[in-house]
Number of protein chains: 2
Amino acid sequence: MKKLEPLKKKMLSDPAVRKAYDELAPEYEIARELIKARSRAGLTQSDVAKLMGTTQSVIARMESGSALPSMNSLVRYAKVTGSRAVVKLVADRNN
Amino acid sequence: MKKLEPLKKKMLSDPAVRKAYDELAPEYEIARELIKARSRAGLTQSDVAKLMGTTQSVIARMESGSALPSMNSLVRYAKVTGSRAVVKLVADRNN
DNA sequence: CGGACATATAGCAAAATTGCTATATCATGA
DNA sequence: TCATGATATAGCAATTTTGCTATATGTCCG
């Protein structure tokens, strides 16, 4: 299943594509983290919503990666899914 | 320099204190990450501001922990300081 | 098929963050 | 002391996220 890597690399060498990717990637990365945490906790979006004191559509939106959430939301989401939000800024030459 | 740990533990056993601490902690944790990244890059707040296309006061506010920033800001800040924002929701029984 | 349950999207108001200007504080060196 | 560079804070407008209701999709049984 690693056959896509070369193509990916090639596409990312296009500056325009690269820029879009760089800005988009974090949203999906976070979305994946959210979904992982929620399934680990065995909760539905409605469950999480109720626990966070909001509605299911809000959770769906966060997990869809249609926008970068605030740390506030992230921390609250983490809390109700039995997780802890860890944020690090790691040195990275390639950016 | 570990003498404060027992006191800290005791204080946190007070529910009211604990709640305030839980909500406050992430802001300062993030602020510390920001400042670390910036000094690693050898930049001033004004430098970062310019690179991000904003002003020094905005950076000062982010680093003061007076509010939880958005992932958007975090990612942009990371980028100009030669870092990468890593967000993880790690399983954590104690919360 | 028809009914539950889970997730996704739209549209708008409310709330929070961001951007900005101005100014304050603080440390350092000439 | 004065000047300079760096960081902090205030106040307000602009932008973004959040919260909400309603509705759409999609899936899995019975």
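**DNA contacts and salt bridges**

Modeller: Let's start at DNA strand D, where a phosphate oxygen sits 2.7 Å from a polar side-chain atom of B:Gln45. That's a polar contact, meaning a pair of N or O atoms within 3.5 Å; within protein, one must be able to donate a hydrogen and the other to accept it, and residues adjacent in sequence count only if both atoms are side-chain atoms. Keep in mind that this is a predicted model: local features need pLDDT of at least 70, side-chain atom pairs count only at pLDDT 80 or more, and totals for chains, interfaces and linings use all residues. Residues are numbered from 1 along each chain as its sequence is written, chains are lettered from A and ligands numbered from 1 in the order in which they are written, and side-chain values use heavy atoms, with hydrogens and water left out.

Biologist: Which elements give two or more residues to the surface near DNA strand D?

Modeller: H4 and helix H5 (71–80) of chain A, together with H4 of chain B. Helices (H or I, at least four residues) and strands (E, at least two) are DSSP runs, numbered from the N terminus. H4(B) gives the most, with four residues.

Biologist: And how many residues surround DNA strand D in total?

Modeller: 18, and the closest are A:Ser57, A:Arg61, A:Ser73, B:Gln45 and B:Ser57. A residue is near a strand if one of its heavy atoms lies within 4 Å of it.

Biologist: What does A:Arg61 have within reach on DNA strand D?

Modeller: A base nitrogen, 2.6 Å from an N or O atom in the A:Arg61 side chain. A:Leu68 has a backbone N or O atom 3.4 Å from a phosphate oxygen of DNA strand D. Of the atoms of DNA strand D within 4 Å of the protein, 46% belong to sugar or phosphate and the rest to bases.

Biologist: OK, over to DNA strand C. Which residues are closest there?

Modeller: A:Gln45, B:Ser57, B:Arg61, B:Ser70 and B:Ser73, out of 18 residues that surround DNA strand C. Sugar and phosphate account for 48% of the atoms of DNA strand C that come within 4 Å of the protein.

Biologist: How far is A:Gln45 from a phosphate oxygen of DNA strand C?

Modeller: A polar side-chain atom of A:Gln45 is 2.6 Å from one. For A:Arg38, a polar side-chain atom lies 3.0 Å from a phosphate oxygen of DNA strand C.

Biologist: Switching to salt bridges. How many does the structure hold over all chains?

Modeller: Eight. Each is a side-chain nitrogen of Lys or Arg within 4 Å of a carboxyl oxygen of Asp or Glu. One of them pairs A:Glu63 with A:Arg38, the closest N and O atoms being 2.7 Å apart.

Biologist: Which parts does the pair of A:Glu63 and A:Arg38 tie together?

Modeller: A:Glu63 lies in helix H4 of chain A and A:Arg38 in helix H2 of chain A, so the pair links parts 25 residues apart in sequence.

Biologist: Is A:Glu63 buried or exposed?

Modeller: Buried, at 9% relative accessibility, and A:Arg38 also counts as buried, at 14%. Buried means under 20% relative accessible area, exposed over 50%, partly exposed in between (1.4 Å probe, protein chains only).

Biologist: What about B:Lys88, which side chain does it meet in a salt bridge?

Modeller: A:Glu33, at 4.0 Å from N to O. B:Lys88 lies in strand E1 (residues 83–91) of chain B and A:Glu33 in helix H2 (residues 15–41) of chain A, so this pair joins two chains. B:Lys88 is partly exposed at 41%, while A:Glu33 is buried at 8%.

Biologist: And what does A:Lys88 pair with?

Modeller: B:Glu33, with the closest N and O atoms 4.0 Å apart. A:Lys88 is in strand E1 of chain A and B:Glu33 in helix H2 of chain B, so that pair joins two chains.
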